[in-house]
Amino acid sequence: VQLVEAGGGLVQAGGSLRLSCVASGSIVSINAMGWYRQAPGKQRELVSAITGGGSTNYADSVKGRFTISIDNAKKTVYLQMNSLKPEDTAVYYCNGPNPIYGWGQGTQVTVSS
């Protein structure tokens with residue numbers, strides 16, 4: 001399974017970005033996925049996850065600002081990020097809610113103050 005993240009960029013505080021992650025390879029469908037991020041000098045952390053039943057959960061730091069969604073037909077998971085803060089600056093990755101796949105290259109999100 002290959003995961004390719006996209007949609008990052010440089011944005012001012014308060015702005016928005018929409019990240020996408022396309023899964024390909026030996027995978028029929030994606031039902032449960034997660035978004036992770038890793039800031040410089042910090043460990044990778046789970047930001048949000050969505051289950052096969054559509055339940056979602058979010059880290060407290062992003063709750064109310066980020067929204068995760070899945071398009072199974074496109075094997076794509078999205079992360080809508082609103083009201084971005086400088087502390088959201090990180091490389092963002094997708095994977096299973098438990099990271100069972102190899103990591104993609106990630107997409108850099110930089111939020112300026």
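This is a predicted model: local features need pLDDT of at least 70, side-chain atom pairs count only at pLDDT 80 or more; totals for chains, interfaces and linings use all residues.
Q: What share of the 113 residues of the chain counts as buried?
A: A residue is called buried under 20% relative accessible area, exposed over 50%, and partly exposed in between, with a 1.4 Å probe and protein chains only. For the 113 residues of the chain, the buried share is 41%.

Q: Which pattern of secondary structure does the chain follow along the sequence?
A: Helices (H or I, at least four residues) and strands (E, at least two) are DSSP runs, numbered from the N terminus. The chain comes to 0 helices and 10 strands. Read along the sequence, the pattern is therefore written with strands, under that definition of the runs, as β-β-β-β-β-β-β-β-β-β.

Q: What radius of gyration does the chain have?
A: The radius is taken over C-alpha atoms, and the globule rule is 2.2 Å times the number of residues to the power 0.38. The C-alpha trace spans about 40 × 25 × 25 Å along its principal axes. Because a compact globule of 113 residues would have a radius of gyration near 13 Å, the value of the chain agrees with the rule, at 13 Å.

Q: Which two residues form the disulfide?
A: A disulfide is a covalent bond between the sulfur atoms of two cysteines, and here it is taken as a pair of cysteine sulfur atoms within 2.5 Å. A search of the whole structure finds 1 disulfide, with sulfur atoms 1.7 Å apart, and the pair is Cys21 and Cys94.

Q: How many residues apart in sequence are the parts that Cys21 and Cys94 tie together?
A: Both Cys21 and Cys94 are buried. Cys21 lies in strand 3 (residues 17-24) and Cys94 in strand 9 (residues 90-95), so the pair ties together parts whose separation in sequence is 73 residues.

Q: Which residues are in contact with Gly102, leaving aside its neighbours within four places in sequence?
A: Gly102 is placed in the loop between strand 9 and strand 10, and counts as partly exposed because its relative accessibility is 45%. Its C-alpha atom is separated by 7.1 Å from that of Gln2, 100 residues apart along the chain. With contact meaning heavy atoms within 4.5 Å, the residues that Gly102 touches are Leu3 and Asn95.

Q: Is Asn98 buried or exposed?
A: Asn98 lies in the loop between strand 9 and strand 10, and its C-alpha atom is separated by 9.2 Å from that of Leu46, 52 residues apart along the chain. Because its relative accessibility is 59%, Asn98 counts as exposed.

Q: What is the phi of Lys75 near?
A: Lys75 is placed in the loop between strand 7 (66-71) and strand 8 (76-81), and is partly exposed, with a relative accessible area of 23%. Its phi is a positive value in a residue other than glycine, near 50°.

Terms used: Residues are numbered from 1 along each chain as its sequence is written. Side-chain values use heavy atoms; hydrogens and water are left out.
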